[in-house]
Amino acid sequence: VRAVEEIGIFSYAASGGTLGNWGVLTGALSTYPITTIVVNQRSEPSTVGVVTPSQCTAEGEGSGRFEITDECSVTMGPTSVADDTVATVVIGYKSFVSELDLNLFSPANVSVSALDPLLNRLQGPRGESIECEGTRLYQQTQLAAHVDGLDVSRFVSFGVDNSSVAVVESGGVLQGLRVGRVRVFLSGRGAAFASVLVRVSDEPVAPLRLIGRAVTDVVWSNQPQTVVASAEALFAEVA
């Protein structure tokens, strides 16, 4: 019987070799575990197994760019500066040592925008008031967040500094509630990081022209081919 012999280790980050500090946008901690595998030479083929390394360090950790936890994970927070940083993580297990190069980056040039920064009071097409229960009296607008020109709206959520003036609804839609000003920012961060100012106005806005027409007949310009068998064909199949 051949004894089990450990012949080497290798390590990897499940998320790949490039780690993004998304906490800059969300305010949460970004954590990337590093997995270490030991290769055992027992028979053909070799076998592998996950092990807990006895050493996991990197030059530059704790310098405000990133941290290495006791569980051998790379962590970055909202205040970490890891733009274009290469971290070489040294992993040790028994007499084996492996090195893992990781590219760390933090999103830069973050902006928050509103499709329409002015939300007006709604009124009917003849200027009549639409104030009734359950009716929204003010306009709404779509919010967006960009990083270096790329739209990242679906990865973030938005907050406001005055929810009595406007609120953020599902899909990143800002709904006006009453006259005033509201600043919209990324949830988990703050208005000082990236924000946009939206004003809710009592100035009325109404549809310019509404036209209603009753459709009484439809004529095909190009008759599509029918896929329903004719009555004659159906009777022929029965016969």
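Modeller: Two strands count as paired if DSSP finds at least two bridges between them, and the structure discussed here is a predicted model.

Biologist: In what sense do strand 5 and strand 8 pair?

Modeller: Strand 8 covers residues 85-93, and four bridges link strand 5 to strand 8. The sense in which strand 5 and strand 8 pair is antiparallel.

Biologist: Which are the edge strands of the open sheet that four strands form?

Modeller: The sheet has the order 2-9-8-5 with mixed pairing, and its neighbouring strands are turned by 30° against each other on average, direction ignored. An edge strand pairs on one side only, and that applies to the two strands that span 18-20 and 55-58. The edge strands are therefore, in that order, strand 2 and strand 5.

Biologist: Which cysteine does the disulfide join to C56?

Modeller: A search of the whole structure finds one disulfide, with an S to S distance of 2.0 Å, which lies within the 2.5 Å cut-off. The torsion about its S-S bond is about 65°, so the disulfide is right-handed. Because C56 lies in strand 5 and its partner in the loop between strand 6 (67-68) and strand 7, the pair ties together parts that are 16 residues apart in sequence. Both cysteines are buried, and the one joined to C56 is C72.

Biologist: Is T75 buried or exposed?

Modeller: T75 has its place in strand 7, residues 73-76, and, not counting residues up to four places away in sequence, T75 touches L29, S30, T31, F66, E67 and T69. Its relative accessible area is 9%, and because the cut-off is under 20%, T75 is classed as buried.

Biologist: Which residue takes a positive phi in the hairpin of strand 15 and strand 16?

Modeller: Strand 15 (residues 166-169) and strand 16 (residues 173-176) pair in the antiparallel sense over four bridges, with V168 standing opposite L174. Three residues lie between the strands of this hairpin, and the positive phi, near 80°, belongs to G171.

Biologist: How many residues does the largest nonpolar core have?

Modeller: Strand 10 (110-114), strand 12 (140-147), strand 17 (180-186) and strand 18 (195-205) each give two or more residues to this core. Among the residues with the most contacts inside it is L25, which, leaving aside its neighbours within four places in sequence, is in contact with residues including P107, V110, V147 and L186. A second, separate core includes I34, A58, A87 and I91, whereas the number of residues in the largest core is 22.

Terms used:
Residues are numbered from 1 along each chain as its sequence is written. This is a predicted model: local features need pLDDT of at least 70, side-chain atom pairs count only at pLDDT 80 or more; totals for chains, interfaces and linings use all residues. Side-chain values use heavy atoms; hydrogens and water are left out. Axes are lines fitted to C-alpha atoms, for helices over the stretch in contact, and angles run from 0 to 180 degrees between N-to-C directions. Buried means under 20% relative accessible area, exposed over 50%, partly exposed in between (1.4 Å probe, protein chains only). Contact means heavy atoms within 4.5 Å. A nonpolar core is a set of buried Ala, Val, Leu, Ile, Met, Phe, Trp, Tyr and Cys residues joined through side-chain atoms within 4.5 Å.
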